[in-house]
Amino acid sequence: MGRLVLAVAAVAVIAAATAFAVAVAGSREASATTSLTVTYWANGTSGKSVKWTLRCGPAGGTLRAPARACAKLKVGGTKLFAPLSPKAACIQIWGGPEVARVTGKLWARKVNATFDRTDGCQISRWNRLSPWLVPAGGA
């Protein structure tokens, strides 16, 4: 009977330790906040810029609809900020002079991405963030 009690106690300790580890990992991810700064130039980087901020966990900042943007970031993740492949074949169409730079952290991952509308691929990247993080663009 002593071995059975010892075995049950060992299982209980292992279960408690596992539950604690899962709880700590989950809280670490939940507390890994997002803090982004968007700099936007309506007429190219030589013109006047406008800045706004976004924080998630909890949603806030100067961006117009931070909760919506945080929800979109949760779905899209860091791939929203990925650069184009150097092998990408892009249609040569100019979408306008707008430029946006997004810097900061997305769930503790560094973000430093620039978006413009200089060809079809860049327009597509821009549109993935528009209008919830950057303004709708177009010449």
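Which side chain of opposite charge is nearest to Arg-125, and how far away is it?

1. The nearest side chain of opposite charge to Arg-125 is that of Asp-116, 6.4 Å away, and Arg-125 is buried yet has no salt bridge. Here Lys and Arg count as positive and Asp and Glu as negative, with His and the chain ends not counted; a salt bridge is a side-chain nitrogen of Lys or Arg within 4 Å of a carboxyl oxygen of Asp or Glu; and buried means under 20% relative accessible area, exposed over 50%, and partly exposed in between, with a 1.4 Å probe and protein chains only.

2. A word on the basis of these values: this is a predicted model, in which local features need pLDDT of at least 70 and side-chain atom pairs count only at pLDDT 80 or more, while totals for chains, interfaces and linings use all residues. Residues are numbered from 1 along each chain as its sequence is written, and side-chain values use heavy atoms, with hydrogens and water left out.

3. Neighbours within four places in sequence aside, Arg-125 is in contact (heavy atoms within 4.5 Å) with Phe-81, Ala-82, Pro-83, Leu-84, Ala-113, Thr-114 and Phe-115.

4. As to the overall fold, the protein has three helices and four strands, arranged along the sequence in the pattern α-β-β-α-β-β-α. Helices (H or I, at least four residues) and strands (E, at least two) are DSSP runs, numbered from the N terminus. Of the contacts between residues at least 6 apart in sequence, 53% join residues at least 24 apart.

5. Of the 139 residues in the protein, 30% are buried. The accessible surface is about 8,800 Å², with 62% of it belonging to carbon and sulfur atoms; these areas come from the Shrake-Rupley method with a 1.4 Å probe, and for residues only the protein chains shown count as cover.

6. How many salt bridges are counted under the rule given above? The count comes to one, formed by Glu-98 with Arg-117, whose closest N and O atoms are 3.8 Å apart. The pair links distant parts of the chain, 19 residues apart, since Glu-98 sits in the loop between helix H2 (66-76) and strand S3 (99-106) and Arg-117 in the loop between strand S4 (109-116) and helix H3 (120-129). Glu-98 and Arg-117 are both buried.

7. Two disulfides are found in a search of the whole structure, the criterion being a pair of cysteine sulfur atoms within 2.5 Å. One joins Cys-56 to Cys-70, with an S to S distance of 2.0 Å. Because Cys-56 lies in strand S2 (residues 49-56) and Cys-70 in helix H2, this pair ties together parts that are 14 residues apart in sequence. The torsion about its S-S bond is about -95 degrees, so the disulfide is left-handed. Cys-56 is buried at 11% relative accessibility, and Cys-70 is buried with a relative accessible area of 14%.

8. The other disulfide is formed by Cys-90 and Cys-121, with sulfur atoms 2.0 Å apart. It links distant parts of the chain, with Cys-90 in the loop between H2 and S3 and Cys-121 in helix H3, 31 residues apart. This link is left-handed, with -100 degrees about the S-S bond, and Cys-121 is buried, at a relative accessible area of 16%. With bonded cysteines counted along the chain, the disulfides follow the pattern 1-2, 3-4.

9. Asp-119 belongs to the loop between S4 and H3 and is buried, with a relative accessible area of 13%. Its side chain reaches the backbone nitrogen of Cys-121 at 3.0 Å.

10. Finally, is Lys-110 buried or exposed? Lys-110, placed in strand S4, counts as exposed at 73% relative accessibility. The C-alpha atoms of Lys-110 and Thr-78 are separated by 9.3 Å, the two residues being 32 residues apart along the chain.

How values were computed. Polar contact = N/O pair within 3.5 Å; in protein donor to acceptor, adjacent residues only side chain to side chain.
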